[in-house]
Amino acid sequence: MRDRFRDLEGPLAIRKKDVVLMATVSSFEGLAHPTRSELRQFAELFMPLFQASSDEARRQAVAALSQSKTIPPAVALFIGSQPIAIAAPFLTASQAIDDDILIIIARSQGTAHARAIVSRDSLSPKVIDALVALRHSEPRQTAPAAVAEEPAEALALPPTGASMEAADFVERLASEEAMRERIKGLARHLGRNDGNRLGLRTLSDIQEALLVRFARAREAESFATALADALSASRWLAERIMLDLSGQQLATTLTSLGMGFLDAVFVLERLYRHLAEPQHNVTRAWMVLDALDPEECHQRVEAWRRADSYTYKPEDQARTEQAAASAPNAVRQVPPARDIRIVGRR
């Protein structure tokens, strides 16, 4: 009599478990809006079946769930904690993982999982801050040294699997280092002390709200009027700033006036559509603002205001001169003789 337990360990039994796992995943994908009870049932069924299935079935199940919009948090944490060869597609593409679970996985699973999270299309400031704070240890640089120490005969041979793997490792190191620097650049604005505005021209809450509102509605005329009021300058200067289609001058102005970083990004994206294009997981407007130095922005905007005050004649002064020029002649006549004090000689 065959051992039943041995039979369960056979390839046929494993294939049956693979089929059940994929059937469970397919059934869950068919639920447009799963209820809380259905989410709980799926979590209870999925994890035991996943552990009992083959690696190929696990990869297929993870790839399928990476496209699902709703996944139980326990399942998301379970998949994200699997070896990186299985969890990578899920960590990279799934939109069903919330920020807290991403941070837990990055902190608990190590460098490889954190790098997979970094490669996501979009990251919230909260996750970026957590990734930068991790300060993962640098990868060991032993592979390049090992390749350099190989004898000449080995280098002359056709590339083997090991040498190709070492070359891929070196290329991956360079890519990961570039990604690390990019994350630090994205998170640099979080450390700025934008609250210290002593002695600087600063937007009031109402002025900032008006600028955001006019940008949202793309009302360029009203935005120029509000910007001139915030600068205490002429409308001509505000229009000149907005006519810079690169958005660099307006970004400099908003930074100098102390507008919030995310509000400034929104304003630039609405007024200059090309700045809303994605670049390095953020928009071009984000990159433009992040590259600015606040002190340089203050100096440049003050120079613009001084030049504006030299070249622009205020409207009140123009009205006064016009009124004086059109005044009646009687006003400018010599006063009557009786009103003139005559000083005679003694």
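How many aromatic pairs does the count come to? The rule pairs rings of Phe, Tyr and Trp (its six-membered ring) if their centres lie within 6.5 Å, with planes under 30 degrees apart counted as stacked, over 60 as edge-to-face and the rest as tilted. By this rule, the count comes to 6 aromatic pairs. One of these involves Phe 46 and Phe 78, whose ring centres are 6.4 Å apart and whose planes stand at 90°, so the pair is edge-to-face. Phe 46 belongs to helix 3 and Phe 78 to helix 5 (residues 73–80), so the pair ties together parts that are 32 residues apart in sequence. Helices here are DSSP runs (H or I, at least four residues), numbered from the N terminus.

The model is a predicted one, in which local features need pLDDT of at least 70 and side-chain atom pairs count only at pLDDT 80 or more, while totals for chains, interfaces and linings use all residues. Residues are numbered from 1 along each chain as its sequence is written, and side-chain values use heavy atoms, with hydrogens and water left out.

Phe 46 has a relative accessible area of 0% and is buried (under 20% relative accessible area, with a 1.4 Å probe and protein chains only). Phe 78 is also buried, at 15%. Ring pairs join Phe 46 and Phe 78 with Phe 28, Phe 42 and Phe 50 into a cluster. Among the buried residues of helix 3 are Phe 42, Phe 46 and Phe 50, together with Leu 39 and Leu 49.

Conventions. Buried means under 20% relative accessible area, exposed over 50%, partly exposed in between (1.4 Å probe, protein chains only). Helices (H or I, at least four residues) and strands (E, at least two) are DSSP runs, numbered from the N terminus.
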